[in-house]
Amino acid sequence: MSNMEETAVGVPFGSPVMSAINKVGDPENLCVAVEFECDGCCKKALNAKIVAVIDGFLILVGFNGKTILVKTISGGKLVEKEIARAIIIPLGKICSIEIDALQVDP
C-alpha cells in the first residue's frame, strides 16, 4: 500500500460519483481512466485506481502500484504525455470515468 493509499484508508466513498462506480464494482479493484478539464485542455489519466473522494476531489494512484499515464489534448491533438504517481482532480472538472479502459493507440 502506498503512502497516498495509507493516508486515505478509512475515508468513506460516500459521494454520488462513488455511488455510481460502486454499481460497476469495487473501486479498490477497478482500473480506471479519468478524463478531466484543465485550462482549456482535456487531460486523460490512464491506468489509475480511485483511492478516495475527499472534499470534492477525486484522488487517484497508479493501478497495481504502477504509474498513471496522463495525456493532454489541445485543439484535438495530443500535445503532451507524462507519468504521475498520484493525481488529485476536482470533481467539477471530471468529464468521464472509464472502467477497465484499454488503450489501443500507440
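This is a predicted model: local features need pLDDT of at least 70, side-chain atom pairs count only at pLDDT 80 or more; totals for chains, interfaces and linings use all residues.
**Cysteines**

Which cysteine sulfur is closest to the sulfur of C42? I found it in C95, 5.3 Å away. A disulfide needs the two sulfur atoms within 2.5 Å, so I noted this pair as too far for a bond. I also looked up how open C42 is. Its relative accessibility is 26%, and C42 counts as partly exposed.

Next I turned to C38. Its closest cysteine sulfur belongs to C41, at 7.0 Å. That is too far for a bond as well. C38 has a relative accessible area of 30%, which I logged as partly exposed.

How many disulfides does the whole structure hold? My search of it found zero. I wrote a reminder beside this: a disulfide is a covalent bond that joins the sulfur atoms of two cysteines.

**Overall layout**

I then listed the elements. The protein has two helices and seven strands. Reading from the N terminus, I got the order α-α-β-β-β-β-β-β-β.

I checked burial next. The protein has 106 residues, and 35% of them count as buried. Its accessible surface comes to about 6200 Å². Carbon and sulfur atoms hold 55% of that surface.

**The core**

Which residues touch the most other members of the largest nonpolar core? I found V34 and L60, in a core of 18 residues. I then asked where the core residues come from. At least two come from each of α2 (16-24), β1 (32-38), β2 (41-54), β3 (57-62), β4 (68-74) and β6 (86-90). The largest share is that of β2, with four residues.

**A glycine in a loop**

My last stop was G56. Where is it found? It lies in the loop between β2 and β3.

Which residues does G56 contact, beyond its neighbours within four places in sequence? I noted I89, P90 and L91.

Conventions. Residues are numbered from 1 along each chain as its sequence is written. Side-chain values use heavy atoms; hydrogens and water are left out. Buried means under 20% relative accessible area, exposed over 50%, partly exposed in between (1.4 Å probe, protein chains only). Accessible areas come from the Shrake-Rupley method with a 1.4 Å probe; for residues, only the protein chains shown count as cover. A nonpolar core is a set of buried Ala, Val, Leu, Ile, Met, Phe, Trp, Tyr and Cys residues joined through side-chain atoms within 4.5 Å. Contact means heavy atoms within 4.5 Å.
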